[in-house]
Amino acid sequence: MKRRFFSPWHIIFLFFGVVIYRLAVLQLFPDPRVESQSRRQYWSHIPVSTNRGMIYDRDGNAMAVSVPASSFFVDPAFWDSASAHQLKGIIPDPLIQTLSKPIPGRFIWLARKADLEVADRIRALNIKGVFEIEEKKRLYPGGSLLSHVLGFCDIDDRGLSGTELMWDKELFSPPGIRVLAKDSSGQMLEISRINHDYAPSPNEGGSVFLTIDSRIQFVVERRLEEAIREHGARWGSVVCMDPQNGEVISMASWPTFDPNIREDLKKPANILNNCIGRTYEPGSTFKPLILGVGLERGMVGPNESFNCPYRIKVADGHITEAGNSGFGKLTATEIISKSSNTGMAQIGIRIKPFDMYHALREWGFGKPSGIELPGSEDGLLASPEQWRGVVPSNIAIGQGLAVTPLQLTTAIAAIANGGHLVRPHVVSKVMDASGNTVCVEEKEHLRDVLSPQVARWLNRAMVETVLSGTGQGAAVPGISIAAKTGTAQVAERGQYLKGRWVSSFAGFWPSSNPRYVLHVVIGEPSKGKYYGGDVAAPAFRRILEDMMQIELFAEDQTGRMVF
Amino acid sequence: MRYGLEVPERSVSGSIRKICPYVVAITLCVFLLFTGLGVLRLYSFRLECRLNSVNRQIESYNNHRVLLKHELSTLLSPVRLFGFSKEELGMTYASNVRVLKVDGGYFANAAGQQEEVPLTKTGPEEEGWFYFFLERAMAGE
């Protein structure tokens, strides 16, 4: 009995076998082009913005947060141009005109990070072809409070200035991608899938903790604005620092801006942080530093007296007193307390230009302050080869060089703490997205610029300034303040301009054990008064009084009264 | 010959009869396998949906947490507190405040025994602050 090898069933089985094999090959190992086409057809890649990290003040109050916001876009493939008129009054007219015509491509923004009300209105219309994306919007709960230190971000949450820019690497969390199924009309279905094409990003960025006390910051900003308005000034700045460790407790600049309002960001003058980004001639607030250099080098005796006439000739120029008459014979202490220009000019001549230059470099002038904020200026300190004629005397009275308010605050802090120059810092701690501490800022002692004896002597001379000298406008009963007034002319294109002044007042308290250094600069007051003692000193006093009120009634984190 | 022809027919149908149960069984297995795969796929879809819903919930709670944090920061903002206390509560700066600051040595020691130390008036700065006095009445500012 011989069996037939071929039968019709074999052909059928073979046919189905080939079909099944082909089906399996197509399903299991599809052509990459087909695969990508099908992915585009069925899956939609939705960018999901993640939370940018928060910025906190020294008490843990959030100063910058990212909150959920809705963005809307149009997919022209599903869009009907006739629907555009429904959006009138919700989105700008030029965009409505664009949407009324046939649009090429597959994507056009309708509203980015829309307000809650606008988002609700767009959602309610339920227009075909309009899709919603969840994003995060950067908000600053304090408004313009601390705006120059915090900085701001662009629409994609990348830092553009201030702390936002400086610590962008830690704060920014790249947007994630969510893959959702799409139906035939392009609507997203709540079916997601694991996406292997994109690396998962952390849900939230890192955190930055500042040394700023937002209560003192508020007081400082308020009083600065008050002084600016009172004297019709063009700009101003206030820096408050802890002289013992270099922590910046408040840093205010005027004009200011609200980072929540994007229109405000278009004005460069508002964005400029005057505390670190503007240089000015410090005037008489510089005198204690020069006298300190003279005392350290033995060029001036602490009990020495100088004849201080109204005007003296120095090489190719003259130095005159700010008032209408000379002072006569003054001791070194009185030169500081009465702010004698001719007295200081004589001291300036005694110090060799190279010595003075190197001493000022040691004090941190003409070089970066080291603060963790972008846009910091180095100041202007010409090389000693250029110090000819009257220049050393000019520098001795704080003219002929340019400093930033922060540099001068740091230098005054060195007098307050016994002669130690500490690096100013505005950040106390930075944590990454995983909660690991990536940076801890602590006291950084740069160098000793004064001996404790000279620092103590200058401290007493500055106390005299407030008690009986030019700084009496800053006196507060019961508190011993050491300070120095400053009134400097504004130079432009190598010439001092008439009627344009910078009034400043720098000091610290309590003088026996200084806790705060405060430096107030009022730029170009225009309502008559321009002396530092008349313009900046009262602002200093008001800030000090307000700070005392805060300390009187404030509780620390353990609930104890801090004062 | 006829007989001879019938024998192969019988053998074909016999072989089919022999193969058929296997084919049916294999087909059934394949069918069940695919059905099972389909059921598994549907089940995975369901799990995906649930997972998605849980993720959405987590996200929503996170968003809520961030919003609450923002709200808290706004409420604690010194700008708001100052405005509220001044305008709504009519608060003014404290005037005529006197503060007595006593050095640590004057307090009761760790055991709770209070030392009898006469409080003598000292200088305001060098010997510790005996009193702090803000004289300026800042009401109305």
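The model is a predicted one, in which local features need pLDDT of at least 70, side-chain atom pairs count only at pLDDT 80 or more, and totals for chains, interfaces and linings use all residues. Residues are numbered from 1 along each chain as its sequence is written, while chains are lettered from A and ligands numbered from 1 in the order in which they are written.

A:Ser339 sits in the loop between α12 (332-337) and α13 (341-350) of chain A. Here helices (H or I, at least four residues) and strands (E, at least two) are DSSP runs, numbered from the N terminus. The phi of A:Ser339 is near 60 degrees, a positive value in a residue other than glycine. Most residues other than glycine have a negative phi, and most peptide bonds are trans. A:Leu146 also has a positive phi, near 65 degrees, and is found in the loop between β5 (130-139) and α5 (147-150) of chain A. A:Leu146 counts as buried because 29 C-beta neighbours fall inside 10 Å.

From A:Leu116 to A:Trp387 the separation is 271 residues in sequence and 62 Å in space, C-alpha to C-alpha.

Attention now turns to a pair of strands. Strand β9 (residues 235-241) of chain A pairs with β10(A) in the antiparallel sense over six bridges; two strands pair if DSSP finds at least two bridges between them. Within β10(A), A:Ser250 is the bridge partner of A:Cys240. The two strands form a hairpin with six residues between them, and A:Gly246 in the turn has a positive phi of about 80 degrees. Strand β10 (residues 248-254) of chain A is mostly covered, with seven of its seven residues buried.

Two cis peptide bonds can be described. The bond from A:Trp254 to A:Pro255 is cis, with omega near 5 degrees, and A:Pro255 lies in the loop between β10 and α9 (268-271) of chain A. Another cis bond joins A:Trp509 and A:Pro510, with omega about -20 degrees. A:Pro510 is placed in the loop between β20 (495-509) and β21 (516-523) of chain A.

The contact between them takes 32 residues from domain 1 of chain A and 26 residues from domain 2 of chain A; two residues are in contact if their C-beta atoms, placed from the backbone, lie within 7 Å. On the domain 1 side, the elements giving two or more residues are α5, α6 (162-166) and β8 (207-210) of chain A.

As for confidence, chain A averages a pLDDT of 88, and 93% of the residues score at least 70; pLDDT is the predictor's confidence in each residue, from 0 to 100. Over residues 555-563 of chain A, pLDDT stays under 50, and the model has nine contacts beyond four places in sequence for this stretch.

Technical notes: A residue is buried if 20 or more other C-beta atoms lie within 10 Å of its own, exposed if 12 or fewer, and partly exposed in between; C-beta atoms are placed from the backbone.
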